[in-house]
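I opened the notebook to look up a sheet, a helix and an annotated span.

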Amino acid sequence: MKPVRGELVVVPDAKAFAEYGARLFAEEAAAARGRFVAGLAGGSTPRALYERLAAAPWRDSIDWTRIDLVLGDERFVAPDDDKSNVRMIRDALTAHLPAAPRLHQVPFDGMTVDQAAAAYQQDLAEVHGAATLDPSRPFFDLCLLGMGDDGHTASLLPGQDDLLGERQRWVIPVTKGRPEARVTLTYPILESARVVVFLVSGAGKRDMLDRVLSGSDRDVPAARLRPVGRLIWLADRDAAGRWAD
Ligand SMILES: O=C1O[C@H](COP(=O)(O)O)[C@@H](O)[C@H](O)[C@H]1O
């Protein structure tokens, strides 16, 4: 079966999932000339992939000094908090690399969530060398995104139409719908990508992935993303369900 949009890659299990994702990242980075801007998902799904990327051979095949790592969203908590996405990324990936990439994270200390979102947007405009997006020169070379059981991606949450409809700002605060405030990238910048890979793993995501791949629920935040480049759904068998056949 083919998804309504994008390409579907189904791998047998969690180990193959991490291996496929790490290889894809390493190959895309090696193919790029000059800087390579990668978006990173938070949450639990990508952790094993990041750990795999931080180990041989992938770790050593990448010139990390050419890489900008950009978090797709963050919980507005201290960077050493258990809930922090950047903490997970440091623990799983960047702490183990032979050279430091530029890791762009949402500032926290002494800021309101609105100020943090604005400051992060300014940082990303500097990464891009421009404050506007041009489809012929995408922001991301590769953007890894997760999908929650409820279909959210980054911190674009279902039912929050004012945030889901944001087309001007690249970064916005999210102050409803979760116990802690969040900061998230918006559709325009997430869609400005040569390659977007949704990482979907585990039986808990099966129903939502089925709705997205079959096009039966176009209001799901993950289903609304329209990248300018390739769109890949990477799923393990547990998540893929009937799509694995
Ligand atoms: O809250 C978040 O959830 C999504 C999905 O996370 P997962 O734990 O179900 O993999 C994640 O992509 C996002 O970065 C995170 O902040």
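Helices (H or I, at least four residues) and strands (E, at least two) are DSSP runs, numbered from the N terminus. This is a predicted model, in which local features need pLDDT of at least 70, side-chain atom pairs count only at pLDDT 80 or more, and totals for chains, interfaces and linings use all residues. Residues are numbered from 1 along each chain as its sequence is written.

Entry on the span. I looked up residues 13–233, where an unreviewed UniProt entry places the feature "domain: Glucosamine/galactosamine-6-phosphate isomerase". UniProt positions are in the numbering used here, feature names are shortened, and annotations may be inferred rather than shown by experiment. The span is 30% helix and 18% strand, and its end C-alpha atoms lie 15 Å apart.

Entry on the sheet. I found an open sheet of seven strands with parallel pairing, in the order E1-E10-E9-E6-E2-E3-E5. Two strands pair if DSSP finds at least two bridges between them. At the edges I noted strand E1 (7–11) and strand E5 (102–104), each of which pairs on one side only. E1 runs parallel to strand E10 (residues 230–236), and five bridges join them. I checked Glu-7 and found that its bridge partner in E10 is Ile-232.

Entry on helix H7 (residues 206–214). Which residues of H7 are buried? I listed Arg-206, Met-208, Leu-209, Val-212 and Leu-213. Buried means that 20 or more other C-beta atoms, placed from the backbone, lie within 10 Å of the residue's own. Just after H7, Gly-215 takes a positive phi of about 75°.

Technical notes
A residue is buried if 20 or more other C-beta atoms lie within 10 Å of its own, exposed if 12 or fewer, and partly exposed in between; C-beta atoms are placed from the backbone.
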